[in-house]
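This report goes through the strand pairing, the helix packing and the chain contact of one structure. The sequence and the coordinates come first.

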Amino acid sequence: MKTQNKIAIEADSLSIKINNDDIVKDLSFQVKSGEIYALLGGNGAGKSTTLKTLLGFHTPTSGKAIVDGHIVSDHLAAVRNKMAYLPEAAALYPHLTARENVQYFLSLADIEKSDSEINTAFDCVALQSSAWERQMQNYSKGMRQKTAIALALLREAPIFLLDEPTSGLDPVAIDEFNQLLCELASTGATIFMVTHDVYGACQVADRIGLLRNGELVGEFSSSEGSQINTEEVHAAFAQGLPA
Amino acid sequence: MKYFLNQISREWKFLLAQKYIVVLLLCTLLTSGFAVFSGLQEVKQQNTTIERLIEADRLDREQAQTKHANVGSLAYYSFHLTYEPPSDLAFAALGERDIYPWKHRIKMLALEGQIYESDAQNAELAKSGKIDFVFVVSALSPLLIILLFHDLFAHERSNGRFDLLVTAARSTFSLWGIRSLVRFLSVLLCLMIPFWIGAWYSGVGVGISLVVTLLCVVYLAFWMALSLWLGNKGSNAPSIASRLIGFWVVVAFIIPILGDLAIKHQVESPKGGDIVLTLREAVNDAWDIPKRVTMRAFVATHPQWKEHVAVERMFEWKWYYAFQQVGDQKAGRLSRAYQDAAQTKYDYAGYVSWLSPPLLLQRKLTRLANTDAIAAFNYEKGIRQFHSELRAFYYPWLFTSEKFTKEALVDLPVFQPVSQRALKKSSQLIENKVTK
């Protein structure tokens, strides 16, 4: 992985309250450029809230969410231009084809891409060419996810934010997806993902942050040439689960 | 500019790809087209009726003038057509023309009965009923706007696309702004294209067409803003839709109906039938009371004829027309009360309309089209004025011994519709200014 010293994403003593509930408490972490960082946690741990705060959908009660050196709430448009977001259920427009969907979303960002560039992105995510011109209503979840990743690639954003990206995918699709993430990171892209998939996270992440009840309870890093120890992460993850 | 056009083109293609919206817009276009077409047909029918009546009226009067040499008989048997033709814009706002009469054939007899004979009801508040352009815009288009805009955000939220869209868009305007604009313009065009065609066909001036368009834009923008505001606050599309539809029902129907009831309750008005009855009683009684009583009452309002009111025979036309005049005088108080009440109801309805945007739009457009109650009141004033002119023409022949000749008929007043009189007046003013 080609990590640099520049900080791409930072949570600085971040606390978020929603309806008077403390969802995230004094959370601090840093993600370097070119790094794959997985924020791991069970249901209700505060993963998605953290992600949405980085996207600018929630305002921190205290602390800062910083992306590419900008405080998110202060420079929302600039920050969002730097990021490509992949939601959990990549619900694109079912009445449009994959190509039309990609063209539509790119146009929203005022990005022009030729058909051949779109084809290359589809090839890159291994979306069968027979599906490119088909309406997405009959797509499987994996195919929808691939289309959304193609869209993220075409945006050429330096930072990718992924929300439970492998949820609902079959094992083959998960492997393909993880491989794609590694390839993406190798190009220098920063990837921040929230997930509860311990094994998938360990397979691809450079670092894992373990979130429990809104607090960061541990961080795990891969060493040179080897993945993060799955058993160690699993044990720490399971500690927080009800018996 | 290129960026803006690209954004518009993107959302336009996106809109066309959504079949239900296309169907909805087509329905709007058809409904508006139907409303304009039926309005044009109605106006054409009214104009044809007027043309036919003018010709029949001319023939009928010519016949009476040939047949009757005596001035009293001639006045008695001569009908005079009064009418108010629909304005060029009437096709879009038929207004009160199906409630208030716009044509009468009147005689030299007592007038009040002739005016109120056809009075069936006196609704001052416009309610839904006619499918004219104003009805489509004021009552139906809010529903369409609600359908298109209530779930602009909620639909994307419920389908899990909202966050992706928001993060993908360059700015809020490039997404929601352009999407709203395209939808708004589509609705506006579907509603207005038939109107513009109808306006061109009817010869409505560009200025008036622009005013109508502006009023419709403001009105539709109000509903769009309301739908977007509520839509942005909630996440449940059915709940947003039901709140908006509830509001629409209240302002489009409940407020006008309750307002109408309250005004009727508040403003007392004699019925047209009461006026007719009072007049008939006065006229019938006149046959039984001494003639000098009638003539005294007549002279009280027409002192210029006091030297000529002696009635020596059993029947004299001057006595006959004098008791018609006195009948009008007796029914006058009720008639004025009726007119005042109608005007007050109209004014009160104006206050109510500030609580009901659909009613307000209807009032503005029917005023522009000259098809509202004010137009009807002006027409009635026109009839009264014409009837006074008729009396002023006939009375010298009836009350003096001067011999009536048919040559005098060149001065017989001819009814001129109020709108044409106004036109004549303004062209005279222009002419005077030019001459000066």
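In chain A, strand β7 (residues 159–163) and strand β8 (residues 190–195) are paired in the parallel sense through five bridges. Within this pair, Ile159(A) is placed opposite Thr190(A) of β8(A). The model is a predicted one.

These two strands belong to an open sheet of six strands in chain A, ordered β6-β7-β8-β3-β9-β10, and its pairing is mixed. The edges are taken by β6 (83–86) and β10 (215–221) of chain A; each has a single partner strand, so one side of each has no neighbour in the sheet. From one strand to the next, the twist averages 15 degrees.

Helix α6 (residues 171–186) of chain A lies across β3 (36–41), β6, β7 and β8 of chain A, and runs at about 150 degrees to β8(A).

Helix α8 (residues 230–239) of chain A lies across β3, β9 (207–212) and β10 of chain A. The angle of α8(A) to β9(A) is about 10 degrees.

## Four-stranded sheet

Chain A also has an open sheet of four strands, in the order β2-β1-β4-β5, with antiparallel pairing. Here β2 and β5 of chain A are the edge strands, and since each has a single partner strand, one side of each is left without a neighbour in the sheet.

Strand β1 (residues 7–18) and strand β2 (residues 21–32) of chain A pair in the antiparallel sense over eight bridges, with Ile7(A) opposite Lys32(A) in β2(A). The two strands make a hairpin with two residues between them, and in its turn Asn19(A) has a positive phi of about 50 degrees. Strand β1(A) is also joined to β4(A), by five bridges and again antiparallel. In that pairing Ala11(A) stands opposite Ala65(A) in β4(A).

## Salt bridges

Over all chains, the whole structure has 26 salt bridges. One of them pairs Lys82(A) with Asp68(A), whose closest N and O atoms are 3.6 Å apart. Lys82(A) is in helix α2 (residues 76–82) of chain A, while Asp68(A) is in the loop between β4 (62–67) and β5 (70–71) of chain A, so this pair ties together parts that are 14 residues apart in sequence.

## Contact between chains A and B

The contact takes 21 residues from chain A and 25 residues from chain B. Between them the two chains bury about 2,100 Å², with 60% of this on carbon and sulfur atoms. On the side of chain A, the residues that lose the most area to chain B are Tyr93(A), Tyr104(A) and Leu108(A), which together account for 28% of what that side buries.

Two salt bridges are counted between chain A and chain B. Lys52(A) forms a salt bridge with Asp163(B), and the closest N and O atoms are 2.7 Å apart. Helix α3 (residues 98–108) of chain A gives the largest share of the side of chain A that touches chain B, namely four residues. By class, that side has 14 nonpolar, two polar and five charged residues.

Definitions and conventions:
Residues numbered from 1 in each chain as written. Chains lettered and ligands numbered in written order. Predicted model: local features only at pLDDT ≥ 70, side-chain atom pairs only at ≥ 80, totals over all residues. Heavy atoms only, no water. Pairing = 2+ DSSP bridges. Contact = heavy atoms within 4.5 Å. Buried area = accessible area lost by both parts, 1.4 Å probe. Salt bridge = Lys/Arg side-chain N within 4 Å of Asp/Glu carboxyl O. Nonpolar A, V, L, I, M, F, W, Y, C, P; charged D, E, K, R; others polar. Axes fitted to C-alpha atoms, helices over the stretch in contact; angles between N-to-C directions.
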